[in-house]
Amino acid sequence: MLSTRQKGNDAEDRASSWLKEKGYTILQRNFRTRGGEIDIIALKGQHLTFFEVKSLPHGTIETLAHELNSRKQEKIIKTAKCYLQKHREYSNRYIHFDVLALDLPVLDPVYHIENAFTE
């Protein structure tokens, strides 16, 4: 049986592969600060996207909404600001916060929610 971390790594591997197929360049995975973590940071054209990856094989849309509550969104935004402070070369890009839901029974195997939330 896989640990929670191993399951998370597997989901992020699959999400990264899917993003590459869609033309994204993966800049970083698992960017961490004291206040939070961003699963995948990717670039496509002038768009810098911070991705939250959720694998929910037994979940529902309601589960996904619960997982991405306002507190979680605030942590991701705060962590993204730290990334942008360290990587000023991306300051002129359009910023997006997207979600990739994997294995949610009622959706595609990789379901991309663009602009899932904003500051």
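I began with Glu12, which is found in helix 1 (residues 4–21). I work here on a predicted model, in which local features need pLDDT of at least 70, side-chain atom pairs count only at pLDDT 80 or more, and totals for chains, interfaces and linings use all residues. Residues are numbered from 1 along each chain as its sequence is written, and side-chain values use heavy atoms, with hydrogens and water left out. Helices (H or I, at least four residues) and strands (E, at least two) are DSSP runs, numbered from the N terminus.

**Entry 1**

I looked up the accessibility of Glu12 and found 4% relative accessibility, so Glu12 counts as buried. For this I use buried for under 20% relative accessible area, exposed for over 50% and partly exposed for values in between (1.4 Å probe, protein chains only). I then listed the contacts of Glu12 (heavy atoms within 4.5 Å). Setting aside neighbours within four places in sequence, Glu12 is in contact with Arg5, Arg29, Asn30, Asp39, Ile40 and Val53.

I next checked the length of helix 1: its 18 residues reach 26 Å from first C-alpha to last, close to the 26 Å expected at 1.5 Å a residue. The expected span is 1.5 Å times one less than the number of residues. Which residues of helix 1 are buried? They are Ala11, Glu12, Ala15, Ser16, Trp18 and Leu19. Seen down the axis of helix 1, these buried residues fall within an arc of 165°, so they line one face of the helix. I take the arc from the directions from the helix axis to the C-beta atoms. The face turned away from the buried side of helix 1 carries the exposed residues Lys20 and Glu21. The buried residues of helix 1 pack against strand 1, strand 2, strand 3, strand 4 and strand 5 (110–113). After helix 1 comes Gly23, with a positive phi near 95°.

**Entry 1: Helix 3**

I repeated the length check on helix 3 (residues 70–86): at 1.5 Å a residue its 17 residues should span 24 Å, and its end C-alpha atoms are 25 Å apart, which agrees. The buried residues of helix 3 are Ile76, Ile77, Thr79, Ala80 and Tyr83. Down the axis of helix 3 they fall within an arc of 170°, so they line one face of the helix. On the face turned away from that buried side I noted the exposed residues Arg71, Glu74, Lys78 and Gln85. What covers the buried residues of helix 3 includes strand 1 (25–33), strand 2 (36–44), strand 3 (47–55) and strand 4 (94–102). At the start of helix 3, I found a side-chain oxygen of Asn69 within 3.1 Å of the backbone nitrogen of Arg71.

I placed Leu43 in strand 2. At 15% relative accessibility, Leu43 counts as buried. Outside four places in sequence, Leu43 is in contact with Gly23, Tyr24, Thr25, Leu27, Leu48, Tyr90 and Arg93.

I found Thr49 in strand 3. At 2% relative accessibility, Thr49 counts as buried. Not counting residues up to four places away in sequence, Thr49 touches Tyr24, Ile40, Ile41, Ala42, His96 and Asp98.

**Entry 2: Glu67**

I located Glu67 in helix 2 (residues 61–67). Is Glu67 buried or partly exposed? Glu67 is partly exposed, with a relative accessible area of 31%. Not counting residues up to four places away in sequence, Glu67 touches Lys54, Leu56 and Lys72. I also noted that the C-alpha atoms of Glu67 and Gly36, 31 residues apart along the chain, are separated by 15 Å.

**Entry 3: Positive phi**

Most residues other than glycine have a negative phi. Asn30 lies in strand 1, and at 16% relative accessibility Asn30 counts as buried. Asp103, in the loop between strand 4 and strand 5, has a positive phi near 65° and is likewise a residue other than glycine. At 27% relative accessibility, Asp103 counts as partly exposed.

Note on methods:
A polar contact is a pair of N or O atoms within 3.5 Å; within protein, one must be able to donate a hydrogen and the other to accept it, and residues adjacent in sequence count only if both atoms are side-chain atoms.
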